[in-house]
Amino acid sequence: MFFRMVRGTFVRQWKKLLMIALTVALGASIATAMLNVMLDVGDKINEELKTYGSNITVIPQSEAVMNKLYDVENGETQDEFLNEDKLGELLTIFWANNITDFAPETDAQVLLDGNEVKVVGSWFAHHFEYEKKGTTYTRDTGLINLRSWWDIKDGQWMDESASDSDRYAMVGCQLADKNNISAGDSITLKGSRGEEVLTVSGIYESGDDEDEYIYTTLSAAQRLTGTQGLLKKIEVSAITSPEDELAVKAARDPSLLSGDEYDLWYCTAYVSSICFQIQEAIPEASATAVRQIADSEGKILEKTELLMTLITVLSLIGAALGISNLVTSGVMERSIELTLLKAVGAKNGQVTFLVLTEVMATAVVGTAVGYLMGYVFAQIIGETVFNSAIEMNGMAAFIVAVLILFVTLLGSIPAIRLLLRLKPSEVLHGGH
Amino acid sequence: MSLLELKNVSKIYGELNALDNVSLKIDKGEWLAIMGPSGSGKSTMMNIIGCLDKPSKGQVLFDGKDISKESRRKLTEFHRDKIGLVFQQFHLINYLNAVENVMVAQYYHSMPDEKEALEALERVGLKERAKHLPSQLSGGEQQRVCIARALINSPELILADEPTGNLDEANENIVLDIFKRLHKEGTSLIVVTHDPEVGEEAQRIVRLEHGHISSDIRNEKFSEG
């Protein structure tokens, strides 16, 4: 009988219920899209910002102490080095999977046609393998990822897989202009410990000081300076979580954290905890965050999440108001019928249950449709803003379902109050 | 033995005494007509007798039990179990067919039973129209469905509010015949009506004026009979 009455309402009031379903669907679709983008956006923004370079710099600890002492950032006056053999330790840390790229560097002042220029040795497109305790860690990485914004004005990126890649270099555009260098030219570099004749594979424009530099392979630069097996620094690009109070506290001194705080911090991909773990893996190194990028990531992420939360909340408030109006007008239209049920013995709870069942069944359909619409919206946002698909999150579906349930119940409150006030004695008489 | 007794019942709305110190006793199996002009307090009295409203003052005894101070929930249960309501506008649920409309009252009372509901429709001569929607029934047929719905839970009292007010003469006679049969079977009936012809069919006629009982007359037709 109960379901016959529910079915009867669906047949008779289908337009009203369709409007409720559409209202719910709209709210659910926005909530679905925003929540999924929000849950995925951290990685998306991180990936986006990673294209602007590394966010962690690893230098010898002794150099870091001197930098701190003399308040110099990236001071390069010290002849301190990291051991190249330890490079693979980066891939053994807890958050190794968050390290998307890294590249070792060694640099030196060398002579080009009698003029002093800076040469930097690094990886370009390098396949790296590291074996430890029977486990092989691999990564394809290098400047091709860490300097993705370089504009190759002439020639091409260095092909590190070629057998003679050691004999190539890339020259910054300003230096190339000054020295009239083009792709394919040979240049001779004289270092403190050797001389290298290199072929220019490409001329790049970086838009900063690097336009005055020469980049070559790590081994070529090491030969020029006689620092084989040694590194000046390592650039690391890692996906990190936004900084919060705990991260700030830990960044001051991890030893100030309580046991639980320490565990939470260590197991969260804060830039500070990744730096800490790098230092654990390479004790003679000092890993520091490139603050500008790390801060930007956190702030952009926070603001984006705040904006999306606001949109979600507003859409749900809108849905609640819409549901409220529609359900209330539905109850008003059916006041005689609902009062009749009370007159034949239905209790307030039973009539309320009947109306809520109809509304909730409609909301379930609306939520399902809204979820599908939300999926499409999320993909449109993902493709438009981040050029990639948004991964749908099971947790988001659960949250949307709970939110819609709550919003539907909230929106039904005025109608239920009206329903409870309906009295057979006032509605059913013919009027005497 | 009295089925229902109103003892000094008043119903006050602000400064208006819709019922003013009314006392009335109705016996089991009795057919009572309540008559009076608009605003005389008929609907108020019907609401109080039907447990749809509570008096401001006085007592309402049903089977000797005072129900005037019961909670609204208890009153709902009481009216569901003891009273069957018949309305002037029938108030059938228009998306349910005749038998389903009868079963609604069963559903909120105990368990819907289509066989019993069909028997109730048979008592009012509508078994053949059981699967018809209200829109496919005449006014008289709709009122008979309404009576079947009132009868389905075997109430001790049928309370009818202008049951023939929306019917033509032929259908009025059919409904009155049903009431006569129910009365013969021992069902207690209270009919609120404007119509003197309907009132004349009752055993006893109570007239209300300005919230007071102005007359309480035994129908001579019944005393002679």
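Predicted model: local features only at pLDDT ≥ 70, side-chain atom pairs only at ≥ 80, totals over all residues.
Where in chain A is the place of Asn180(A)? Asn180(A) sits in the loop between helix 5 (173-179) and strand 9 of chain A.

## Two residues with positive phi

Let's stay with Asn180(A) for a moment. Its phi is near 55°, a positive value in a residue other than glycine. Is Asn180(A) buried or exposed? Asn180(A) counts as exposed, because it has 8 C-beta neighbours inside 10 Å and the cut-off for exposed is 12 or fewer.

## Chain A and its strand 10

Chain A has 432 residues, of which 42% count as buried. Its secondary structure comes to 14 helices and 14 strands. If you take the contacts in chain A between residues at least 6 apart in sequence, 78% of them join residues at least 24 apart.

Strand 7 (residues 151-155) of chain A runs antiparallel to strand 10 and is joined to it by four bridges; here Gly155(A) has Gly202(A) as its bridge partner. Strand 9 (residues 186-190) of chain A is also antiparallel to strand 10, with five bridges between them, and Leu189(A) is partnered by Glu196(A). A hairpin of four residues connects strand 9 to strand 10 in chain A. Strand 8 (residues 168-172) of chain A, by contrast, pairs with strand 10 in the parallel sense, over five bridges.

## Around Gly172(A)

Which residue of strand 10 of chain A is the bridge partner of Gly172(A)? That partner is Tyr204(A). Gly172(A) itself lies in strand 8 of chain A, and it is buried, with 26 other C-beta atoms within 10 Å.

Leaving aside residues up to four places away in sequence, Gly172(A) touches Tyr204(A), Ser206(A), Glu210(A), Asp211(A), Glu212(A) and Tyr213(A). One of these, Glu212(A), is 40 residues from Gly172(A) along the chain, yet their C-alpha atoms are separated by 5.2 Å.

## A crossing of two helices

Helix 7 (residues 245-252) and helix 8 (residues 259-266) of chain A have axes that come within 10 Å and cross at roughly 100°. That angle makes helix 7 of chain A roughly perpendicular to helix 8 of chain A. Helix 7 brings Leu246(A), Ala247(A) and Ala250(A) to the contact, while helix 8 brings Glu261(A), Leu264(A) and Trp265(A). By class, the contact has five nonpolar residues, no polar ones and one charged.

## The sheet in chain B

In chain B, six strands form an open sheet in the order 6-7-8-3-9-10, and the pairing is mixed. Strand 6 (83-86) and strand 10 (212-218) of chain B are the edge strands, each pairing on one side only. From one strand to the next, the twist averages 15°.

## Nonpolar cores

How many residues has the largest nonpolar core? It has 112 residues, and those with the most contacts inside it are Val102(B), Leu121(B) and Ala148(B). The element that gives the most to this core is helix 2 (residues 14-50) of chain A, with 14 residues. Leu121(B) touches Val102(B) and Ala148(B), and its other contacts include Ala98(B), Val99(B) and Leu126(B).

Apart from this core lies another, of 62 residues, among them Leu146(A), Leu198(A), Tyr204(A) and Trp265(A). Two of these names have come up already: Tyr204(A) as the bridge partner of Gly172(A), and Trp265(A) in the contact between helix 7 and helix 8 of chain A.

## Where the chains meet

The contact between the chains takes 21 residues from chain A and 29 residues from chain B. On the chain A side, helix 1 (2-12), helix 11 (335-343) and helix 14 (424-427) each supply at least two residues. Helix 11 of chain A gives the largest share of that side, five residues. By class, the side of chain A that touches chain B has ten nonpolar, seven polar and four charged residues.

Conventions. Residues numbered from 1 in each chain as written. Chains lettered and ligands numbered in written order. Contact = placed C-beta atoms within 7 Å. Nonpolar A, V, L, I, M, F, W, Y, C, P; charged D, E, K, R; others polar. Pairing = 2+ DSSP bridges. Buried ≥ 20, exposed ≤ 12 C-beta atoms within 10 Å, placed from the backbone. Axes fitted to C-alpha atoms, helices over the stretch in contact; angles between N-to-C directions. Parallel < 35°, antiparallel > 145°, perpendicular 65-115°, else oblique. Core = buried A, V, L, I, M, F, W, Y, C linked by C-beta atoms within 7 Å.
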